[in-house]
Amino acid sequence: MEKIHNFRPSLISLRFDFITNSIVRGITSLDSKNFHVNILGCNNLTFQGVNIIAPEDSPNTDGIHIGRSIGISILKSRIATGDDCISLGDGSKQVKVANVTCGPGHGISIGSLGKYTNEEPVDDVEVKNCTIMNTTNGVRIKTWPSSPVAGIATNMHFSDITMVNVSNPILIDQEYCPWNQCNREGVCSLTN
């Protein structure tokens with residue numbers, strides 16, 4: 001069986017693993033120690049009216065992290081964290097983010113991609129009618145340098161996004177290297 005390399009910290013408030021045809025409505029996650037919500041191997045899962053809250057200075061508190069899942073929708077929600085509001089790992093496909101307010105935090109991120117040899121592409125992402133405020137980044141794509149394989153992200157659409165007090169509104173980083181723990185001699189592939 002192929003090993004799935006989806007970053008999953010030891011402390012996650014809510015995990016949704018291998019869920020199909022479901023809706024999650026009206027929940028609040030407050031002050032998670034690490035990721036608030038982690039989605040892995042899901043198909044046709046919708047989050048609506050979700051409220052995620054963590055202090056701006058809380059490390060590694062991604063709001064919603066998606067990996068190896070198809071048909072994920074995040075709608076009419078509010079995400080305020082110390083890290084990514086929404087992050088999409090490898091194998092995230094047919095993802096829709098609409099009417100989401102994000103901030104503070106690091107914005108909406110695709111990646112990081114290209115760290116492991118068996119990663120799947122990110123494909124068909126739509127982010128629209130969102131407000132991003134008081135964040136480090138707005139929308140971001142990040143890939144590791146010197147990757148063993150190409151980190152691929154395709155068919156991405158960002159529209160009608162309002163940004164207020166965002167340091168880097170649009171950031172494409174092909175040398176993502178947190179904590180300086182990587183070899184910078186190489187490039188990952190990013191296509192549109």
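Contact here means heavy atoms within 4.5 Å. Please keep in mind that this is a predicted model, in which local features need pLDDT of at least 70, side-chain atom pairs count only at pLDDT 80 or more, and totals for chains, interfaces and linings use all residues. Residues are numbered from 1 along each chain as its sequence is written, and side-chain values use heavy atoms, with hydrogens and water left out.

Start at N137, which sits in strand β13 (residues 131-143); strands are DSSP runs of E, at least two residues, numbered from the N terminus. N137 counts as buried because its relative accessibility is 4%, where buried means under 20% relative accessible area with a 1.4 Å probe, protein chains only. Apart from neighbours within four places in sequence, N137 is in contact with H106, G107, I132, V166, N168 and L171. With N168 there is also a side-chain polar contact of 3.1 Å (a pair of N or O atoms within 3.5 Å, one able to donate a hydrogen and the other to accept it).

Now for the cysteines. The whole structure holds one disulfide, that is, a pair of cysteine sulfur atoms within 2.5 Å. This bond joins C85 to C102, with the sulfurs 2.0 Å apart. C85 lies in the loop between β8 (70-80) and β9 (86-88) and C102 in strand β10, so the pair ties together parts that are 17 residues apart in sequence. Both partners are buried, C85 at 0% relative accessibility and C102 at 1%. C130, in contrast, is in no disulfide, and its nearest cysteine sulfur, that of C102, is 8.4 Å away.

Conventions:
Helix = DSSP H or I, 4+ residues; strand = E, 2+ residues; numbered from the N terminus. Buried < 20%, exposed > 50% of the residue type's maximum accessible area, 1.4 Å probe, protein only.
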